[in-house]
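Biologist: Could you walk me through this model? I'd like to ask about its parts one at a time.

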Amino acid sequence: MRVSVVGLGYLGAVHAASMASLGHEVVGVDVDVARVESLALGKSPFFEPGFDELLARAVGAGRLSVTSDVAAVAGARVHFVCVGTPQAAGSGAADLSFVEAAVSSLVPHLGPGEVVVGKSTVPVGTAARLAARVEAVGATLVWNPEFLREGFAVADTLHPDRIVYGVPDGEAGRRAAGLLDEVYAAPLAEGTPQVVTDYATAELVKVAANSFLATKISFINAMAELCEVAGGDVTRLADAIGHDQRIGRKFLNAGLGFGGGCLPKDIRAFMARADELGAGEAVAFLGEVDAINTRRRARMVELAVEVLGGDVAGARVAVLGAAFKPDSDDVRDSPALDVAARLDGLGGHVVVHDPQAIDNARRKEPSLAYERDLEAALTGADVVLVLTEWRHYRDLDPARAAALVARPQVLDGRGALDREAWQAAGWTYRALGRP
Ligand SMILES: NC(=O)c1ccc[n+]([C@@H]2O[C@H](COP(=O)([O-])OP(=O)(O)OC[C@H]3O[C@@H](n4cnc5c(N)ncnc54)[C@H](O)[C@@H]3O)[C@@H](O)[C@H]2O)c1
Ligand SMILES: O=c1ccn([C@@H]2O[C@H](COP(=O)(O)OP(=O)(O)O[C@H]3O[C@H](CO)[C@@H](O)[C@H](O)[C@H]3O)[C@@H](O)[C@H]2O)c(=O)[nH]1
């Protein structure tokens, strides 16, 4: 089927190439001309495992074309809206200007019976508000939130845990859902659970899922705070409670907490929207989830100051990791980069290493020093902070690393290292939530 994808960022570009890999004829549209030029050549503008190959195949086979001219969407039967919904400047609310602009640009090119599919994460009530504009030209709006994780984006798109549609009542909604079923025929044939619901529920499913994940992470980080004052070990605690099938071990990794372009801004936007609806109390706990999360960053800085004898000024600080999570080059609200910047602000000579995110990190924090070679980053360090759990850091040989640094002191912000092995190699090992 001919489909269009408007907005080709981490979500949209992967969605477009994935739809092409399912055999659809895809036209991708983005207002960022440099991004369009790169994608049109089959070159990914960001790092995402498996995406380069998928993109090159889709473009090479002629199944994916990319343009900045939205008129090219004409003739597609399904149009996916994948533009950003960042946190608005000066408030926690979502900035919907990109979604508004994308829908406005699409409407003049829509025909009767076509379907506009919102995939961006939006505050509840957005779809109902946008639907009239789409329906005015005889098309139908479906809200189909996306749950992919960066680092696993291709697999999550092609083999999702579930597919959720928010559709309007009646025949138009049923027809639109049927057309979208044709696009997603392959994952549906694999038995992917499907939930078809109203717009509000579909929008809420997305922010509820991210709120739950954020809460689970902050819960274990709150336990880490308790472990720190009481002398417990949060890793053992997480293992023990995670054995309970009702709790589960996933998303109980204590450490520097959550960052990225989704969880932080989504819980803030949820609180802002709930306030507007007069239901702020229902999700007020998310304020605590956010506060616990940011306290972890401050605690990591304290720990660095402590092991440096009370003063960071002049010390060489090796920060391993800039991306908000491994297998991504995304530095949006990255806890690692935040801690690096705070230590730089205290006068430390901070050198940041990351296998993929240095260019993005440099754009965001230009005053930090960056080093692409891991051994060079470690050389002469007074303290080493592991802030993103890349495999490269897990695989470090602690004896070899000890020979490079000035002082063998390591702070494991992600529970990434084998504590016993590092201690055996002469390192002073400290971690959040562990004795
Ligand atoms: N990144 C993820 O892992 C992920 C997962 C699930 C949901 N989401 C949601 O998906 C949405 C997109 O997130 P992202 O991470 O891909 O953002 P992003 O910033 O990486 O990409 C957004 C893209 O939209 C383009 N754009 C903006 N306005 C446009 C317009 N009017 N027409 C065409 N293109 C336009 C931008 O140039 C950019 O390339 C957000 O709502 C986000 O919350 C993201
Ligand atoms: O036990 C854990 C798990 C994760 N994190 C951190 O939490 C953040 C988010 O991780 P993750 O959820 O894996 O990455 P995202 O790619 O941001 O994905 C989330 O946000 C997306 C955008 O909405 C959703 O689609 C996904 O389902 C949701 O997991 C990262 O900083 C991780 O380091 C922890 O600190 N401890």
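This is a predicted model: local features need pLDDT of at least 70, side-chain atom pairs count only at pLDDT 80 or more; totals for chains, interfaces and linings use all residues.

Biologist: How far apart do the C-alpha centres of domain 1 and domain 2 lie?

Modeller: The protein splits into domain 1 (2–196) and domain 2 (198–435), with bounds from an automatic or database domain assignment. The distance between their C-alpha centres is 31 Å.

Biologist: Which elements give two or more residues to the side of domain 1 that touches domain 2?

Modeller: Here 26 residues of domain 1 are in contact with 26 of domain 2, contact being C-beta atoms, placed from the backbone, within 7 Å. Domain 1's side has 17 nonpolar, 8 polar and 1 charged residues; Ala, Val, Leu, Ile, Met, Phe, Trp, Tyr, Cys and Pro count as nonpolar, Asp, Glu, Lys and Arg as charged, and the others, Gly among them, as polar. Helices (H or I, at least four residues) and strands (E, at least two) are DSSP runs numbered from the N terminus. The elements you want are helix H5 (126–135) and strand E7 (163–166).

Biologist: Which element gives the most to the shell around ligand 2?

Modeller: Ligand 2 is surrounded by 22 residues, the closest being Glu150, Asn253, Phe258, Gly260 and Cys262; a residue counts if its C-beta atom, placed from the backbone, lies within 6 Å. Helix H9 (199–230) and helix H11 (263–276) are the elements that each supply two or more. With 3 residues, the top contributor is H9.

Biologist: At what angle do the axes of H9 and H11 cross?

Modeller: Val207, Asn210, Ser211, Leu213 and Ala214 of H9 meet Leu263, Asp266, Ile267 and Phe270 of H11. Axes are lines fitted to C-alpha atoms, for helices over the stretch in contact, and angles run from 0 to 180 degrees between N-to-C directions. The two axes come within 9 Å, and their crossing angle is roughly 115°.

Biologist: Which helix holds Arg35?

Modeller: UniProt's unreviewed entry lists Arg35 under "binding site", together with Asp30, Thr85, Thr121, Glu150, Lys265 and Arg332; such annotations may be inferred rather than shown by experiment. Arg35 sits in residues 33–40, helix H2.

Methods
Residues are numbered from 1 along each chain as its sequence is written. Chains are lettered from A and ligands numbered from 1 in the order in which they are written. Two residues are in contact if their C-beta atoms, placed from the backbone, lie within 7 Å.
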